[in-house]
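Subject: Structure handover

Hello,

I am passing a structure on to you. Please open it first, then read the notes below it.

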Amino acid sequence: MYWITGGWGGLGRIFALHLAKNYNATVILSGRNDSAERKKQEAEWQSAGLHIYSIAADVSVRAEVESAYSRIRRQFGEFDGVLHNAGVIEDRYLAQKTPDEVHRSLRQRPTALCGWMRSSETRRSIG
Ligand SMILES: NC(=O)c1ccc[n+]([C@@H]2O[C@H](COP(=O)([O-])OP(=O)(O)OC[C@H]3O[C@@H](n4cnc5c(N)ncnc54)[C@H](OP(=O)(O)O)[C@@H]3O)[C@@H](O)[C@H]2O)c1
């Protein structure tokens with residue numbers, strides 16, 4: 001079972017479909033929201049026999065990461081991997097960005113997710 005943060009983005013969907021179609025993997029996609037459109041797509045994938053599920057979790061908020069982790073573990077069991085794809089693409093050199101743009105680009109990086117993954121309990125369960 002794989003958790004893909006930012007899984008509804010361009011790369012996340014490519015990885016999800018690859019893992020689900022070629023390896024029959026269970027894949028959990030997360031983003032900051034869990035819209036009706038995403039639920040509809042999730043249902044279509046599941047009708048096609050793919051084990052792809054959606055949950056909402058903002059990776060810059062530690063409590064949301066911990067809650068998503070517990071929910072995924074309870075519902076789907078052991079992790080085989082986490083793909084950290086959550087990000088905001090603002091393609092400009094750092095020196096040309098405003099402080100707000102820098103903040104938006106970087107807030108998903110050394111985030112709650114990383115702190116949480118460094119914790120010993122998580123290292124034991126994810127491997
Ligand atoms: N595409 C490329 O060629 C390329 C090359 C090098 C590096 N990258 C990096 O790879 C990552 C994924 O690329 P992509 O093309 O798939 O980008 P994308 O289509 O913009 O997808 C990124 C996803 O991240 C989610 N996201 C943003 N902030 C989040 C947060 N705080 N918590 C949870 N989810 C969050 C967004 O979903 P929500 O709006 O639902 O939150 C979005 O669907 C990016 O970080 C990008 O910088 C991409």
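The secondary structure comes to six helices and four strands. Helices (H or I, at least four residues) and strands (E, at least two) are DSSP runs, numbered from the N terminus. From that end, the elements run β-α-β-α-β-α-β-α-α-α.

Two notes on how to read this. Residues are numbered from 1 along each chain as its sequence is written, and side-chain values use heavy atoms, with hydrogens and water left out. This is a predicted model, where local features need pLDDT of at least 70, side-chain atom pairs count only at pLDDT 80 or more, and totals for chains, interfaces and linings use all residues.

**Confidence**

pLDDT is the predictor's confidence in each residue, from 0 to 100. The protein has a mean pLDDT of 85. Of its residues, 78% reach 70 or more. Among the elements, helix 1 (residues 10–23) has the highest mean, 97. Helix 6 (residues 120–126) has the lowest, 54.

**Overall numbers**

The protein has 127 residues, and 35% of them are buried. Buried means under 20% relative accessible area, exposed over 50%, and partly exposed in between (1.4 Å probe, protein chains only). The protein exposes about 7,500 Å². Carbon and sulfur atoms supply 52% of that area. Accessible areas come from the Shrake-Rupley method with a 1.4 Å probe; for residues, only the protein chains shown count as cover.

A contact means heavy atoms within 4.5 Å. Take the contacts with a separation of 6 or more: residues 24 or more positions apart account for 64% of them.

**Strand 2**

Start with strand 2 (residues 27–31). Five of its five residues are buried. Both faces are covered. Val27, Leu29 and Gly31 are on one side, and Ile28 and Ser30 are on the other.

Strand 2 pairs with strand 1 (residues 2–5) in the parallel sense, over four bridges. Two strands pair if DSSP finds at least two bridges between them. Isoleucine 4 has leucine 29 as its bridge partner in strand 2.

Which residues does serine 30 touch, not counting those up to four places away in sequence? They are Trp3, Ile4, Thr5, Gly6, Gly7, Trp8, Ile55 and Ala57. Serine 30 has a relative accessible area of 1%, so it counts as buried.

Leu11, Ile14 and Phe15 form a nonpolar patch on the surface. Together they have about 300 Å² of accessible area. Patches are made of residues with over 30% relative accessible area and no salt bridge: like charges are joined within 9 Å, nonpolar side chains (Val, Leu, Ile, Met, Phe, Trp, Tyr) within 5 Å. Phenylalanine 15 is in helix 1. Its relative accessibility is 34%, so it is partly exposed.

Asparagine 24 sits in the loop between helix 1 and strand 2. Its phi is near 50°, a positive value in a residue other than glycine. Most residues other than glycine have a negative phi. Asparagine 24 is exposed, at 52% relative accessible area.

**Salt bridges**

Side chains of opposite charge can pair when their charged atoms come close. A salt bridge is a side-chain nitrogen of Lys or Arg within 4 Å of a carboxyl oxygen of Asp or Glu. How many does a search of the whole structure find? It finds five. These are among them:

- Lysine 39 and aspartate 34 meet at 3.4 Å, N to O. Lysine 39 is partly exposed at 33%, and aspartate 34 is partly exposed at 28%.
- Lysine 40 bridges to glutamate 44, with the closest N and O atoms 3.7 Å apart. Both lie in helix 2 (residues 36–47), four residues apart, about one turn of the helix. Lysine 40 is exposed at 56%, while glutamate 44 is partly exposed at 42%.
- Glutamate 78 and arginine 73 meet at 2.6 Å, N to O. Glutamate 78 is partly exposed at 48%, and arginine 73 is partly exposed at 29%.

There is also a network of salt bridges, which links Asp34, Lys39 and Glu42.

Best wishes
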